[in-house]
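Hi,

Here is the structure I promised to pass on.

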Amino acid sequence: MAVKESTNQPLIGKGWVQGVALVMIFGFFVMGLLAYRTYTASMPMPDKVVTESGQLVFTGDEITRGQELFQSRGLQEYGSIVGHGAYLGPDYTADYLRRATEDVATQLRDGGMADTHDAVVTEFRTNRFNPETRTLVFTDRQAEAFNRITQHYAEFFGENSTKHGLLPRLITDPAEIHDLTAFFAWTAWASAADRPGHNYSYTNNWPSEPRVDNGPTAQLIVWSTLSLIMLLGGTGIMFAVYGRWSQKIGWHSAEAPMLSFRQPGEVPLTRAQRSTIWFFAIVSLLFLAQALLGGAVQHYRADLSNFFGLDLAAILPYNLARTWHLQLALLWTAAAFLAGGIFLTPFISRREPRRQHWLSYGLLGAVVIVVVGSLITEALSIYGIVPSGSLFSQQWEYLDLPRLWQILLIVGMFLWIAIIWRGMRARLKTESKLNMPWVFFFSGLAIPMFYAVGLLAGSDTHLTVADFWRFWVVHLWVEDFLELFTTVMVAYIFVMLGVVSQRIALGVIFLDVILYSAGGVIGTMHHLYFSGTPVEHMALGAFFSAAEVIPLTFLTVEAWAFLQLGSRQTTGDAKPFPHRWAVMFLVAVGFWNFVGAGIFGFLINLPIVSYYQIGTALTANHAHAAMMGVYGMLAVGLAMFAFRYVIPADKWPEKWARMSFWCLNIGLAWMVFASLLPLGVLQLYHSVNEGYFEARSLGYITQPGNAVLEWLRLPGDLIFIIGGVVPFVWIALQAVRHFKSGPTTDEMPENPLYTEVSPTPVPEAR
């Protein structure tokens, strides 16, 4: 018999709970120490920058205004700063440093000096910041260089042309250009000036720049080596443990009964569950828009000057297209998770409170308002219609949505968890807090809580501090707590289908929490190697991010068992398993988790590799494989699971589901292996061989060989969009058409998705 679903007794041992508690306490204790060090030992923000004669060059307030302008006009979605941002434009830290060193060298040569290298190194590496007066001194030559570079950026951003992929005359105000250049100059100063008491800069000698003797530090090489040792040793230990206890951990169905799966039309749904079909339909349309924008963004790299004869930048400049592409990637997957949680809740609680569906429709309306509102105000911000640093202006990359919409999104996610709580309240009263219903609720509660941390990264927050908190969202929220909710939802679907028991599912969940959090919490710091943090951020980030690959290896080992469980047919009658394609998408999640997040993530997280490749195509390679491969595939899988119960069996578009699955995966693989990976490897080689500045330049990106690889992505994009996304949209529209079909209920049977059957007895031979 199946394990009884509702019990006050915990189904998991205390050892699992203690393991999770120890990992979390240790991880967040260390993160607390690193937060303290971020605030007290990051690259200093001067109150003013003056020349040797005391003439004011710029102030700290002007640096901050330049930073706000950098965000609001979408320049972090065009180029990057300290390595973080988009990949078409330059990295402005490296760009300013190169221009400043060449300008100073020219001044020295004009003064009669033949060999200027040592003088330039001394001028830029000497730290002239006074922490008591908070005054930074530029040499007269550095101040002259600042003035000329300001003029360069005035010409670049003020040009009445779209040849750079930006709006014509994007920034023309001299004061704004001055403040923007001050922001670039401050980060470039920190990238070359020696940190007090050390022989490397505030950014750990990043970027690679021979003109100021910036090269890999000893710490960079040592911690890269130790990270490899951590990966090899941890993987060996994991396989040893798995070999010893493989029958007790992971996916297995030893306790599973013989089942007959209820077919579409036989499973009654609640009104709130039917409302989620509209969620998933909107998700499909946002997915289509995001994919089309991705094609436009990619075309800029293949042909910057025109879009098949159209001057696209005049209407949809690169930075706006990439902003929307990146924001929609987060929004459509997050919306699918919200819908998935609401859809699963009645199956868990076995009842639905009155008017629950109205709350769900209200949340759907709020999500639409946030999505549309944020996209509109991001465009207004990039066009310069709303002022920088305001509630309506664009913010940091990944948290681009203006502060107003960010706050409303957080409120919406808390409303979502309130809907989940309302739907599960009666069930939770009867359950141990260590059992599946509470684990589902707690993992959902972590989503709005940890996304809210991003509010600490304001548009006027010190760059290093802002990076620290925004990567709590980009990494810790996505790769730990969304990963946790992913695991819980997948495990609960298998429990609801009767394929595994709650006890086995809880074991998988708690094991994943321990393995992910052991490396994932502190591993967040691998984003901050070169953001102006002290060296311990790099040391701990490198070491623990290597540990993140270990659980992904475990998931790959378990993928076959996962596939067997999910594809289980029936043993008591002829009814088929109704969720083949939903489960196939879940299996794809495991594959891309290992390839995209594991292999490609570890490749760029190794400090010595990150030093040369940050902000190149290898970063995009990891991002696409991990984001679409894991969260995108899961979102589509959740939608397929829900669609199967509203589309009548005789109208289920099996061929379209099959096409969507294979084309999404083939298109993503083509995108990654045929274009982004080889482009990234070539760009990494060029960065090591020629220099980081050269590898990030448009001159290198548009070289004929690179252009061929950029165009080679076109077939994969067409397969992905036409063969993968469009059929998914079609299935979603069919689900909306039939979303009221089948019986509707407020009460669920104990096992709503299956019935247990007894095997047909074999007659005795006479």
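By class, how many nonpolar, polar and charged residues does the lining of the largest pocket have? The count is 16 nonpolar residues, one polar and one charged. Bear in mind that this is a predicted model.

A bit more on that pocket. Its volume is about 410 Å³, and 18 residues line it. Nearest its centre you'll find Val-20, Val-439, Phe-442, Ser-443 and Leu-484. The largest share is from α12, with eight residues.

Next, have a look at helix α20, which covers residues 654–689. With 36 residues at 1.5 Å a residue, α20 should span 52 Å, and its end C-alpha atoms are 51 Å apart, so the two values agree. There is still a bend in α20, of about 35 degrees at Leu-676, and a proline, Pro-678, follows within four residues. After α20 comes Gly-691, which has a positive phi, near 135 degrees.

Finally, the strands. Four of them make an open sheet in the order β2-β1-β6-β5, and the pairing is mixed. β2 (56–59) and β5 (129–130) are the edge strands, each pairing on one side only. Strands β1 (residues 48–51) and β6 (residues 135–138) run parallel and are joined by four bridges.

Cheers

Conventions
Residues numbered from 1 in each chain as written. Predicted model: local features only at pLDDT ≥ 70, side-chain atom pairs only at ≥ 80, totals over all residues. Heavy atoms only, no water. 1 Å grid on protein atoms, 1.4 Å probe; cavity = no way out; pocket = protein on both sides within 12 Å on 5 of 7 lines; lining within 4 Å. Points joined across faces, edges and corners; volume = space filled by probe spheres on them. Helix = DSSP H or I, 4+ residues; strand = E, 2+ residues; numbered from the N terminus. Nonpolar A, V, L, I, M, F, W, Y, C, P; charged D, E, K, R; others polar. Expected span 1.5 Å × (residues − 1). Bend = angle between axes of the 7 residues up to and from the residue. Pairing = 2+ DSSP bridges.
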